[in-house]
Amino acid sequence: MRIGVARFPLGKPNWPSSVPRPPVKRRTGVDYDTEWARTPAARLARAVIVDDVLRPALHVIASPTVHGADRLVGLEAPAIFVANHHSHLDTSVLLTSLPERFRHKAIVAAAADYFFTSRTKGAMSALTIGAIPMERTKVGRRSADLAAELLGDGWNLIMFPEGGRSPDGWGRAFRGGAAYLSLRCGRPVVPLYIEGTGRLWRRGKSWPKIAGKGEGVHLVFGAPMWPEEGEDARRLAARVEKAVAALADEWATDWWTARQRAAAGTTPALTGPSGGAWRRAWALDADASSRTGRRSWP
Amino acid sequence: MSRPGFVLEVDRSTPPILFHHGEGFRLEKLPPGSRVVYPAEPVAPLKDPDGAIRHALLNPVGDSQPLPSLLHAGMKLTIAMDNQAVPLPPMQKPDNRQRVIEIVLDMAAAAGVDDVELIVAHGLHRRQTEPELRHMLGDRIYDAFAPHGMLTQHDAEDHDNLVLVGRTEQGEHVELNKRAVTSDLLIYVNVNLVAMDGGHKSTMTGISSYRSLKHHHNVTGMQHSRSFMDPPNSELHNSTWRMGRLLAGAVKIFQIETTLNTDTFPSQFSFLQKREWEWSARDRASFLATSKSLEHVPPRIARSIFHGIKSPQRMTSVQAGEVEAVHALTLQNLHRQHLVPVEGQADVLTMGLPYLGPYNVNSILNPLLVMCLGLGYFFNLYRGKPLVRKGGVVIMSHPTRWEFHPVHHPSYIDFFEQVLAETTDPIEIEKKFEESFATDPWYIHLYRNSYAYHGVHAFYMWYWGAHALQHVGQVIIVGGEPRAVRRMGFKPASTLRDALEMAEDVVGRNPSITHIHNPPIFLADVT
């Protein structure tokens, strides 16, 4: 008999060994319940955090400049915002740069296996950026249902369809989650290209560095894309990826050149050249050094 | 569903009526029996303007093929567009021109067209600054074309880059921008704020030379334009149509015209668009706060506040294809928004003039422009017959300061000080002074290299009011600077009541009065 532990009925009863235990209800990862983070009180707190903490902080750290916001004129919420992903800064930069009518009713699809590994981490993510857990290896039913339900309720969704931050500075092929949700909910996908966050806080670094002169982050909004007649998620995802690549090209060159290359099918891919790691790094460096005032990755 | 415009008969219960007064406002009690013409409320904009533009380009009107079939690799493509004189105030981004040109260029890119040049069709207006161009065309177009010299501003004095296309049967010279005329395809992108704009007038004023313009920008033409807001009855349009047809025979032209609704002021000035009896507590508070604070700030500050206004106007239609077929549709769409039926003329026409006209975007509405806005534009906002009877009185409300923008309007200063000191008769002015101002090398230098209107432009301002000067018996300006008002041959009055008393000397006691509640813009259909 253990002293100091109250016995049943004062204490917990023993579980009979002959009775199988029901599976433990997980409350982390994709099972973390974020509903509380969408209550009015939490939304108000998040609005204060986003507008009065994150925005000024990002202004100092990343000096973000927004291009192409006029493409969103006339777009009605909700929409799915999709961007390339280089850094933890991407979410905050994107969230704080959204026009107000989208910003204060936005959720972010965050990797369940990274942001929701503990309840504290999950709570912080849900409160500050409105994160919802999303499986990154597949479109899980639970996370997909939740995202679709929230889109149906008028929430704007921010997604990074590369499934994680870039390991080497080049992009990765887009997965179909955003396109699937667009088709399922009949809402447009807004492609975005984020440039420069990788320089400030690349994968593997614990802290961001502060942007120097000419090192600010740039965010280019693309025109909203609606699913076409008979289009499936894979083709829509490929079209979205091309649109983001065209935005990257527009940033690197100019709009007219980017349109000409997009029309000719010669837009440089986000994923960079194939070949050995050193060649990819080399190409990235060559690409970056050709632009005045912009430093190479990282 | 927006409510149509209407005519209010003033009675004792009618609240004071809003008059624009430069960078301010006045509330005036009009005598019972006066009539106030209210514009229609803004009509519903296009839900998907980009989709509508694509549809228009793929389904052109008149004798024209869809735009993609006119584009091919190796061709020389020129896109000309209206300058910032329209719309007023400048519209919130994205401007119609940006929307249209981006889609046109998308199609050009898909067709593999490399040789593209954009020309801002200024005519004899001043060049636009970089921020003004960026606002009008968007950063994407500006950054892609301007650094490579592929976005230019028409220069009507660059004789090496002008070409004489020919002469009409009436002997009118059609001399235009060489790049536009020698292109395989000329696309003109238009923003039709009023019925005067668009059609062949776009190319014939926007990318032509003084030699060409003088055939329709003259006193006789303006006096026979009744009114120039009604193209079928306008000599200005007859001439430009003759000349435009000549051009259309020489160059393939694809015209794209867009119309706007009259959602003119942003929400903080929403009271300007409402009928006074419908002002809410918020509107009244906004009006008081705005007008009282404007009384206490220097005109320079008030001006910069007003010129910061970007209007929330939105596209109501877009049509593309052959010039005349396009313009016929444009006029229908404009009339849907603008026409207000009015019965009979009045002895006295009153109007409150705002801070802005087509020629002072980011500038000063100097006394000449006050005359042009009141007697040129507002007086001519009619179809049928003028709102005021022959020999009647026009009363305008505006501060009319003796003040000019020295960079934008240098020739206006000399016109005001020298020409008007001698005579205010448009015919005499035209005969005696026009040529010397038009060919003055200093004005030409400023027009080409600075941001100045052409030397002759001040004359056109005076000619624009020539029909009104011929028609009315007296012009009174309420609240105007007396010496500036008298210089133009008008009479100053300090209050509307005084002005109405003065008007009685001309039109007799108990005159009938019509007030035009403008802006937002309308077109009176007077029967």
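At what angle do the axes of helix H1 (residues 49-58) of chain B and helix H3 (residues 96-111) of chain B cross? I looked this up and got roughly 50 degrees, with the axes coming within 10 Å. That makes H1(B) oblique to H3(B). Angles under 35 degrees count as roughly parallel, over 145 as roughly antiparallel, 65 to 115 as roughly perpendicular, and the rest as oblique.

Conventions. I am working on a predicted model, where local features need pLDDT of at least 70, side-chain atom pairs count only at pLDDT 80 or more, and totals for chains, interfaces and linings use all residues. Residues are numbered from 1 along each chain as its sequence is written, with chains lettered from A and ligands numbered from 1 in the order in which they are written. Helices (H or I, at least four residues) are DSSP runs, numbered from the N terminus. Axes are lines fitted to C-alpha atoms, for helices over the stretch in contact, and angles run from 0 to 180 degrees between N-to-C directions.

H1(B) against H3(B). I noted a right-handed crossing, meaning that the near helix is turned clockwise from the far one by less than a right angle. I then listed contacts (C-beta atoms, placed from the backbone, within 7 Å). B:Pro49, B:Asp50, B:Ile53, B:Arg54 and B:Leu57 of H1(B) meet B:Arg99, B:Val100, B:Ile103, B:Val104 and B:Met107 of H3(B). By class, I find 7 nonpolar, no polar and 3 charged residues in this contact. Nonpolar covers Ala, Val, Leu, Ile, Met, Phe, Trp, Tyr, Cys and Pro; charged covers Asp, Glu, Lys and Arg; the others, Gly among them, are polar.

H3(B) itself. I checked burial next: 12 of the 16 residues are buried, so H3(B) is largely enclosed by the rest of the structure. Buried means 20 or more other C-beta atoms within 10 Å of the residue's own, with C-beta atoms placed from the backbone. B:Arg97, B:Ile101 and B:Ala109 are among the buried residues. After the helix comes B:Gly112, with a positive phi near 80 degrees.

H3(B) against H4(B). These axes come within 6 Å and cross at roughly 35 degrees. I recorded another right-handed crossing, H3(B) passing H4(B). From H3(B), B:Arg97, B:Gln98, B:Ile101 and B:Glu102 meet B:Met136, B:Leu137, B:Gly138, B:Arg140 and B:Ile141 of H4(B).

Chain B against chain A. I found 13 residues of chain B in contact with 11 of chain A. H3 and helix H4 (130-145) of chain B each give two or more residues to that side. H4(B) gives the most, with 7 residues.

Notes: Contact = placed C-beta atoms within 7 Å.
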